[in-house]
Amino acid sequence: MLSKPLVNLFNWNPQLFREIKGRLKTRNVAIAISASLLCQFLVMMTFLAQLPEKYGADIVSYNQYCIKAEKYCTGINWSGWWADIFLTFSWILFALTLLGGVYMLVADLAKEERLGTLNFIRLSPQSSQNILLGKLLGVPILIYLAAAIYLPLNLWANISSGLSLSWFFAFYGILIIVCYFFYNASFLFVFLGGTQAWLATTIVGIFFWVIMVNGLNYFYIDYCCEVNYPYSDHYVFFVEDVSPEIINVMHVIILGLLLGNYWIWQAVNRRYRNPNATVISKKQSYWLMGCFQVILLLFCFNIIGENLTEILEASLLFCCTINLFSFLLLIAFLSPQQQTLQDWARYRHLQVNNDETAILKGLTISLKEDLIWGEKSPPLVAIAINLVITAVILISGILLLNNSEINGIILSAILTLILSLNLILIYAAITQLVLLMKVKNPKNWAVGILGSLITLPPIALSLLSITPGNSPNLWLLSTFPWLSFPNNSLAITPMLITIIAHWSVLTLLTLQLTGKIQKLGASDSQKLLTGQKN
């Protein structure tokens, strides 16, 4: 008989009960517990082997955990030893929970998609939040069990090292936030067509190795070792204190992860309910991009530099590069399928209805409102609005840095930002044109063409030995015009000419796109009367 709390839990989320029932078999539980205990045993044996066999005033220091008196080992630095054990357990727990959980979630969801059982689950009366939360908590349940077995020894290592318990709780708080972020991203990966669990795990593994391990090294070794075990030769790279800028950056990153969790969860729920819908709605994209730009601005305010000119240059380079790739994702997330666009172009006029029921359903909307808010309309107007939101926020940030030291380059910085945003809008128009082409796999064509447009110009300029330093004006025409800043800080005229050229190209692309959509939406009888070819 199950206890009443468990019965209530399973009644609240039957999907969680289904996942737990299918995975918590006696054999699986025994393997998870045994593997966790064996790993802890091996770690402890490894660190015990690293302790000096004997020590005293007559023993020359040869071990990293020796406490030295001049050149002799007079004792064992137990605080450092336990701190290393705590750090090792932290790495193992992070890798186990993050990589193992992502692999299991992608593999499970891809299997459900392949067998068609996910469509069956969609027909259940449960809400999408309940079903996805049940999978989030239930699929990696064996990993959670193995991690829970780690907790007592990891807590003891933290206490024995002399570190504050705040480090222990901070670690697990960050672990939960990061895992939740990548677990949500793994759901989205599958709903967007990804089925390779190894690929998703590899991508997350690269992130873990490059960023998380370095972060743990910094905050759990560099910061703590000076206070807790300063006598060991093993720790020769101390820092006196964590600078306020680093603390602020960590706060901004955590805030960004929390907001990212929220928006990815919204996208996952949306794609679960309707696999043919865009990843996010246009209304959501405005809020998403606003939040993203504020986080980006807060991050840039904490960039360390010797002077404001250096800070502005680094911030502009960072913002423009990040926004280029973030907007490429946004273009993909907002682009409806070709058939959806064709239906919208052909039947949009039927939505105009003066019937009261139609008004309540929001069918009596103008073309302008449909382009701004409609989920089946082309995304170019929505991309333009998002670019305006980005420009307003980032230009406001540039103006907040206004100082006599950088007065001469404020205008150049703003024009450089406008150049980068113009390019993004041009890429959005080209992407939409390619997606409307009647070719096999238009998405692959769009990726190939955009990739060529982004990579070939800077490669060609580099092969010709044309650098932003010696020819900044030519780099204004490349994919990365912001690289010419601040070399081109006084050349305002070439920047204005480039902006006008961008607008001219954008006008031509918009006219071409409008004609393409009108042609796509023409009925068969209209095509026969006008002599259009399929």
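Modeller: What follows is a look at helix H11 and some of its residues.

This is a predicted model, in which local features need pLDDT of at least 70 and side-chain atom pairs count only at pLDDT 80 or more, while totals for chains, interfaces and linings use all residues. Residues are numbered from 1 along each chain as its sequence is written, and side-chain values use heavy atoms, with hydrogens and water left out.

Helix H11 spans residues 282-300 and contains Gln-284; helices here are DSSP runs of H or I with at least four residues, numbered from the N terminus. Gln-284 has 18% relative accessibility and is therefore buried, a term for under 20% relative accessible area, with exposed meaning over 50% and partly exposed in between (1.4 Å probe, protein chains only). A polar atom of the Gln-284 side chain lies 3.0 Å from the backbone nitrogen of Ser-281. Setting aside neighbours within four places in sequence, Gln-284 is in contact (heavy atoms within 4.5 Å) with Trp-263, Gln-266 and Arg-270.

The structure holds 15 aromatic pairs, meaning rings of Phe, Tyr and Trp (its six-membered ring) with centres within 6.5 Å, where planes under 30 degrees apart count as stacked, over 60 as edge-to-face and the rest as tilted. One of them joins Tyr-286 and Trp-373 edge-to-face, 5.6 Å centre to centre and with 75 degrees between the planes. This pair links distant parts of the chain, since Tyr-286 is in helix H11 and Trp-373 in helix H15 (residues 367-373), 87 residues apart. Tyr-286 is buried at 11% relative accessibility, whereas Trp-373 is partly exposed at 48%.

Definitions and conventions. Helices (H or I, at least four residues) and strands (E, at least two) are DSSP runs, numbered from the N terminus. A polar contact is a pair of N or O atoms within 3.5 Å; within protein, one must be able to donate a hydrogen and the other to accept it, and residues adjacent in sequence count only if both atoms are side-chain atoms.
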